[in-house]
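Hi,

Here is the structure I said I would pass on.

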Amino acid sequence: MSHRATPPFRADHVGSFLRPKYLLDAREEFFVKKTINAEQLRAVEDKAIAEIVQFQQDVGLQSITDGEFRRTYFHIDFLEQLGGVKTDIPVTVKRADGTEELAPPVIRVVDKVQHVKDIQRADFEYLKSQVAAGLTPKVTIPSPTMLHFRGGRAGISKTAYPELDPAFYDDVAKAYGDELQSLYDAGCRYVQMDDTNLAYLCDEKMREAARLRGDDPNELPHRYAGFINKVVAHKPAGMTLAMHLCRGNFKSTHAAAGNYEPVAEALLSEMNLDAFFLEYDDDRSGDFRPLRFLGKGKIVVLGLVTTKFGEMESKDLLKRRIDEAAKYAPLDQLCLSPQCGFSSTVHGNNIAVEAQRAKLRLVVETAQEVWA
């Protein structure tokens, strides 16, 4: 087994980090109190990003993100900048037992989907300026499947798209392709798409919700594989395009559970992506048997370290679980990461900054020992 010179790396991560208090304060001053302007907010973001870049470099990571520090939500901030897309802010719902659950945002396609401007380029250019030579700046964006799954056919304008196939899927793929080209032209070689929908299709409650709105949960993963492949067809040569499957990550809560089996073949065999970040931090993710579908040349990054809670995993446990996964996919096609980001929304998970650092160091050290 060997060190990987190209992403994903043996020790990798999903991308988001806990925001420092001074950044949260500045966001409140801009969005709520209206006491600072956009330029002043960006200056504070720049400072925080420079610090989180150094943090990642100090920990020993090879892929470096901006922590998603310019975003409120991992998906809305990007999707609402596409032409033809409207989003509504999610709300928190309290359950009867006092715990909290995130009611997902409504994402609507109201017109033809277009790439009307560069979305991440300026942010990437600043990130790149802060990253040390020899390391790889990574950009995270939401998966295009979110424009369909959240609302189904009812969430997409019948005026703009009387039929979804192929016009809707082609337009979205072209918009994503234009964004990937914009990033590539700025020097970006590593992009990760964050996708909750395929993971939700592993959960029977979510599968039933899809049935109720007229979709077949057995057919959707294969349709989405074709959808993603339309995006991949636009990917510039030399760019790594990965996907992270997320079961929800809001204030240490999750939204879905279930083994990857219902989506594994479509995901790991049919999608022409370079890599897949899969959550495997607890029992709700199921076993590793779905990895048998992993195609040659593709990488699975095992998310074995939870970002939801501060309790530390042991190296021995991680090594045993990697050995279990290697029964179904070659060890050389596996890497290690935390299960998700530490702050998929601005609110952050219920975990301390010190635990965030310790978990990343655990990932780096374990990967060094496993793939020495």
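The lining of the largest pocket has 11 nonpolar, four polar and 12 charged residues. For those classes, Ala, Val, Leu, Ile, Met, Phe, Trp, Tyr, Cys and Pro count as nonpolar, Asp, Glu, Lys and Arg as charged, and the others, Gly among them, as polar. Before you read on: this is a predicted model, where local features need pLDDT of at least 70 and side-chain atom pairs count only at pLDDT 80 or more, while totals for chains, interfaces and linings use all residues. Residues are numbered from 1 along each chain as its sequence is written, and side-chain values use heavy atoms, with hydrogens and water left out.

Back to that pocket. Its volume is about 470 Å³, and 27 residues line it, with R42, R70, R71, Q81 and D123 lying nearest its centre. By pocket I mean an open set of points on a 1 Å grid over the protein atoms alone, with protein on both sides within 12 Å along at least five of seven lines; a cavity is a set where a 1.4 Å probe fits but cannot get out, and lining residues have an atom within 4 Å of a point. Points are joined across faces, edges and corners, and a volume is the space filled by probe spheres set on them.

The largest share, five residues, is from α4. Helices (H or I, at least four residues) and strands (E, at least two) are DSSP runs, numbered from the N terminus.

As for cavities, there are two of 30 Å³ or more.

Six strands make an open, parallel sheet in the order β7-β8-β9-β10-β11-β12. Its edge strands, β7 (139-142) and β12 (334-338), each pair on one side only. On average, neighbouring strands are turned by 25° against each other, direction ignored. Pairing here needs at least two bridges found by DSSP between two strands. β11 (residues 299-305) and β12 pair in the parallel sense over five bridges, and L302 stands opposite L336 in β12. Helix α11 (residues 315-325) lies across β11 and β12, at about 145° to β11. Axes are lines fitted to C-alpha atoms, for helices over the stretch in contact (heavy atoms within 4.5 Å), and angles run from 0 to 180 degrees between N-to-C directions.

The whole structure has 25 salt bridges, each being a side-chain nitrogen of Lys or Arg within 4 Å of a carboxyl oxygen of Asp or Glu. One of them joins the side chains of D25 and K21 (2.8 Å, N to O). D25 and K21 are about one helical turn apart, because four residues separate their positions in helix α1.

A few backbone details to finish. The peptide bond from P7 to P8 is cis, with omega near -5°; P8 sits in the segment before α1. Another cis bond joins D165 and P166, with omega about 5°, and P166 is in the loop between α5 (146-149) and α6 (167-185). K34, a residue other than glycine, has a positive phi near 60° and belongs to the loop between α1 and α2.

Cheers
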